[in-house]
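Biologist: I'd like to learn how to read a protein model. Can you walk me through one?

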Amino acid sequence: MEHLDQMVAGKVRLAMSDAGLCLEDLAARSGLPASDLRSLLAAHGSFTLDELVRIAAVVRRRVVDLLPDQAEMR
């Protein structure tokens, strides 16, 4: 599961970067605590679906864009 957490965190970091957002911006716009985001982006835990929905809305992506595809899972 840790590998999956790292992959999702990487996708979220890339989406943040593409949107020109820092962690504090994402936290403020998504309503998620910055400390929680910091931990999740370091792959210390798993994002919940609710968190991914909120993040996707802020970075203007689909939730599925924040998840690894089948090819990346190999």
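Modeller: Let's start with charge: the mean positions of the 9 positive and 11 negative charges of the protein are 5 Å apart. Lys and Arg count as positive and Asp and Glu as negative, while His and the chain ends are not counted. Each charge is placed at NZ of Lys, CZ of Arg, CG of Asp or CD of Glu.

Biologist: What should I know about the model itself?

Modeller: It's a predicted model, where local features need pLDDT of at least 70, side-chain atom pairs count only at pLDDT 80 or more, and totals for chains, interfaces and linings use all residues. Residues are numbered from 1 along each chain as its sequence is written, and side-chain values use heavy atoms, leaving out hydrogens and water.

Biologist: How many helices and strands does the protein have?

Modeller: Helices (H or I, at least four residues) and strands (E, at least two) are DSSP runs, numbered from the N terminus. Here there are 4 helices and 0 strands.

Biologist: Which residues of helix H4 are buried?

Modeller: Buried means under 20% relative accessible area, exposed over 50%, partly exposed in between (1.4 Å probe, protein chains only). In H4 (residues 49–59), the buried ones are Glu 51, Leu 52, Ile 55, Ala 56, Val 58 and Val 59. Leu 49 and Ala 57 are exposed, on the face turned away from the buried side.

Biologist: What do the buried residues of H4 pack against?

Modeller: Contact means heavy atoms within 4.5 Å. They pack against helices H1 (2–18), H2 (23–30) and H3 (34–41). Just past H4, Arg 60 has a positive phi of about 55 degrees.
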